[in-house]
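Trainee: I've got a model open and a ligand to look at. Can you walk me through how to read the contacts?

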Amino acid sequence: MEEERAKRIELQEEQRALSLQLVASQEQELNRRAELNIVSDEMENLRKKHAREMADLEFDLQKKDRLLREASEDLRACRSDLERERETVSSLKSALNAQSNERLTLTAEYRSFQTQFSALQNQYDELLRTHADLKLDLEVERREKAQMKEEAMENEAMRRKLHNMVQELKGNIRVFCRVRPVLPSDIPQPNCGPRTNSPEHSSNEELALIRQELKADINFPDRRDHREITIWSSSESATGQERKENYQFMFDKVFEPECTQAEVFEEISMLAQSCVDGYNVCIFAYGQTGSGKSFTMEGGATDATKGMIPRAVDQVFRVAEDLRSKGWEYQMEGQFLEIYNETINDLLGKHEFDKKKHEIKHDPKTSSTRVTDLTVIPLSSPTQVRVLLSSAQSRRSVAATLMNERSSRSHSVFTLRITGSNAGTGESCEGCLNLVDLAGSERINVSFGGGSNDKDRLKETQSINRSLSALGDVIAALGEKSERGDKHIPYRNSKLTYLLQNSLSGNSKTLMVLNLSPLASHLNESLTSLRFATKVNNTTLGTAKKQSR
Ligand SMILES: Nc1ncnc2c1ncn2[C@@H]1O[C@H](COP(=O)(O)OP(=O)(O)O)[C@@H](O)[C@H]1O
Ligand SMILES: [Mg+2]
């Protein structure tokens, strides 16, 4: 029992120990459990943190991944860029190589060119020196030439001056002589002229020959001043022998058949100019019918053939326009009349035949002349004047066909009156330009048979002769007057001279253009005309010029 009790005590002890041990273990377990809980909480926290970190890392990773991708793409691009650059560099390198090769060749070429150039430069310098020498020579020559030219010009100026002095001495009356060319109409047509034996004027040579035959022996010996005209005329002496005589005439200017309207006008233009300056000017065309009076005065329709009237009108308008800049204002008016059988007809009137009676009125105060009831038209342009003249002309030609070539049996007088004033200087002036196409100067044999036609013709002829010789007398007397001082001038001896009294007297300028036919058949008329004109011309010099034979 003891043993048992001992044993039970031992067992109890053992049990107590074990319970203690159990409590301790339980306690330990609780502790462990609490620890475990703490640990598991920690674990949980850690796990959450880890998950968060993992997510962050995942995000980072993705970002990095993207960046990496981008970077690798960039890298690829860079690589290809680099590749290209490399290629470029290598091609540049080869180009550079080629260029440097080229440069080498060019340098070589340049060197050779340089040597060539310096050789050429030397040649050029040499040429320059030669050129300078030549220039010097040329300059010397030029100076010599200029000096000679100057001397020649001085001589010419002196000659002109002397010529002008002679003209001044001669007063204000000039006489020109103009010979017209042979015209196709002068050549007789086969079967109707004297040359009936020639069937046709075919060749040019034949025509030239015929022209030569038709022509009078007229010569122009004065090649420099064109002032002389000579004529050979043959006549039969009392013994039946042919006698050749040479006549020589001098005028202020002689125009050969080839002379153009412009050349003739060149000599006249100063007159047109002076009527703008306030002078009275008369230009007459004298000569037998068909000698070229109307051609000279009116001329043809073209610019080259237009005559003195349109040219003078153009000139007057031009000069007036030029003087406008110097303060001058001009008014122009025109009249156009015809003197037939000592009666005045208005060529600008409304009717074909003028039935009005016109009278000539001189105003001694203003030295101007008016014709009563005459149409006076204000003129504003040369074109207007031309239209006016052509209408007057057509009226005249109508009258001509109706009245037996009346245009060549009457004097026509175109008058352009110019009044100018200068507001700046207070000056004023009045000039008058008269352009006269005279009646034919030919002597007409009127066999007076008692018929009314013959009577008219006789009257017509007498009045033409009278008026032409009155004109000659007046101009001659004017010339003498300028020599001797006061002298009676017979203006009243004809309508024409009476009409032009104020334009012929005083400080007026008068020009007579003597028109001549070149034909041998007209030679006697031509000689008569030349003598008439010489009378007019000589008197103005005072010393009669000899008509040598
Ligand atoms: N210098 C000339 N050049 C060319 N033809 C002219 C010349 N002079 C006159 N004629 C011509 O001669 C002809 C007669 O001339 P015209 O002027 O009518 O003479 P007039 O008026 O003296 O009777 C006209 O056909 C004219 O055209
Ligand atoms: Mg005529």
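Mentor: Start with Gly-290: one of its backbone N or O atoms sits 2.7 Å from an oxygen atom of ligand 1. That's a polar contact, meaning a pair of N or O atoms within 3.5 Å. This is a predicted model, where local features need pLDDT of at least 70, side-chain atom pairs count only at pLDDT 80 or more, and totals for chains, interfaces and linings use all residues. Residues are numbered from 1 along each chain as written, chains are lettered from A and ligands numbered from 1 in written order, and side-chain values use heavy atoms, leaving out hydrogens and water.

Trainee: Which oxygen contacts does ligand 1 have with Gly-292 and Phe-295?

Mentor: A polar backbone atom of Gly-292 is 3.1 Å from an oxygen atom of ligand 1. For Phe-295, a backbone N or O atom lies 2.7 Å from a ligand 1 oxygen.

Trainee: How much of ligand 1's accessible area does the protein cover?

Mentor: Accessible area comes from the Shrake-Rupley method with a 1.4 Å probe. On its own ligand 1 has 560 Å², and the protein covers 69% of that.

Trainee: What kinds of residues make up the shell?

Mentor: A residue counts as near if one of its heavy atoms lies within 4 Å. Around ligand 1 you'll find, among them, Arg-178, Pro-181, Thr-289 and Lys-293. The shell splits into three nonpolar, six polar and three charged residues, with Gly counted as polar.

Trainee: Which helix gives the largest share?

Mentor: Helix H4 (residues 293–297), with three residues. A helix here is a DSSP run of H or I, at least four residues.

Definitions and conventions:
A polar contact is a pair of N or O atoms within 3.5 Å; within protein, one must be able to donate a hydrogen and the other to accept it, and residues adjacent in sequence count only if both atoms are side-chain atoms. Helices (H or I, at least four residues) and strands (E, at least two) are DSSP runs, numbered from the N terminus.
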